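Please consult the sequence and the structure shown below while reading.

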Amino acid sequence: MNQKFIELGEGTSDLYELIAIGDRMSERIKHVMTFATIKKGQPVVSLALVLEPSGSDKFQPIYICREGVPDPEEKKTQRYEMFEALAERLEKSIIPLTVKPSDEFYETALYYQHLIGILRMNRYIPPMS
């Protein structure tokens with residue numbers, strides 16, 4: 001099983017793309033998740049969709065808007081409410097996880113390897129086969 005994060009960006013247009021992916025591929029959405037952290041002194045969340053594996057190569061994409069939305073525990077924004085509405089349409093609960101910020105890693109790829117390890121350890125995604 002090969003899992004990979006596909007980063008869309010931090011802006012509102014990126015969030016619209018994440019929501020469009022969720023709406024268009026609703027049958028493939030396995031989990032709707034948030035990754036909470038503190039970045040530059042501000043509580044923020046990453047918004048992510050974990051899809052079911054596809055094809056014979058068993059590739060599992062995880063689409064993410066990284067650390068661009070204020071933590072809804074501190075300040076609920078329209079962007080987060082749009083993500084909540086997507087979860088409701090998909091009939092999925094949002095799974096919250098607290099993680100280290102990406103700027104604590106030398107490269108973004110290492111950050112995503114760290115998140116994949118957390119997701120595997122908590123059995124949200126299967127181990128590598």
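Is Tyr80 buried or exposed? In this predicted model, Tyr80 is buried, with a relative accessible area of 7%. The points below place Tyr80 in helix H2 (residues 78-90) and then turn to Ser46 in strand E3.

**Aromatic pairs**

- The model contains five aromatic pairs.
- One of them joins Tyr80 and Phe83, whose ring centres are 6.4 Å apart and whose planes make an angle of 50 degrees, so the pair is classed as tilted.
- Tyr80 and Phe83 are three residues apart in helix H2, a separation of about one helical turn.
- An α-helix has 3.6 residues a turn, so residues three or four places apart point the same way.
- Phe83 is also buried, because its relative accessibility of 0% falls under the 20% cut-off.
- A single aromatic cluster is formed by Phe5, Phe35, Phe105, Tyr111 and Tyr112.

**Helix H2**

- The 13 residues of H2 should span 18 Å at 1.5 Å a residue, and the C-alpha atoms at the ends of H2 are 18 Å apart, in agreement with that expectation.
- Tyr80, Met82, Phe83, Leu86, Ala87 and Leu90 are the buried residues of H2.
- Viewed down the axis of H2, these buried residues fall within an arc of 155 degrees, and therefore they line one face of the helix.
- Gln78 and Glu88 are exposed on the other side of H2.

- Ser46 has a relative accessible area of 0% and is buried.
- When neighbours within four places in sequence are left aside, the contacts of Ser46 are Met33, Thr34, Phe35, Ile64, Cys65, Arg66, Glu67 and Tyr111.
- Among these contacts, Phe35 and Tyr111 belong to the aromatic cluster described above.
- Ser46 and Tyr111 lie 65 residues apart in sequence, with a C-alpha to C-alpha distance of 12 Å in space.
- The side chain of Ser46 also reaches the backbone nitrogen of Glu67, at 2.8 Å.

How values were computed
Residues numbered from 1 in each chain as written. Predicted model: local features only at pLDDT ≥ 70, side-chain atom pairs only at ≥ 80, totals over all residues. Heavy atoms only, no water. Phe/Tyr/Trp six-rings, centres within 6.5 Å; stacked < 30°, edge-to-face > 60°. Helix = DSSP H or I, 4+ residues; strand = E, 2+ residues; numbered from the N terminus. Buried < 20%, exposed > 50% of the residue type's maximum accessible area, 1.4 Å probe, protein only. Expected span 1.5 Å × (residues − 1). Arc of directions from axis to C-beta. Contact = heavy atoms within 4.5 Å. Polar contact = N/O pair within 3.5 Å; in protein donor to acceptor, adjacent residues only side chain to side chain.
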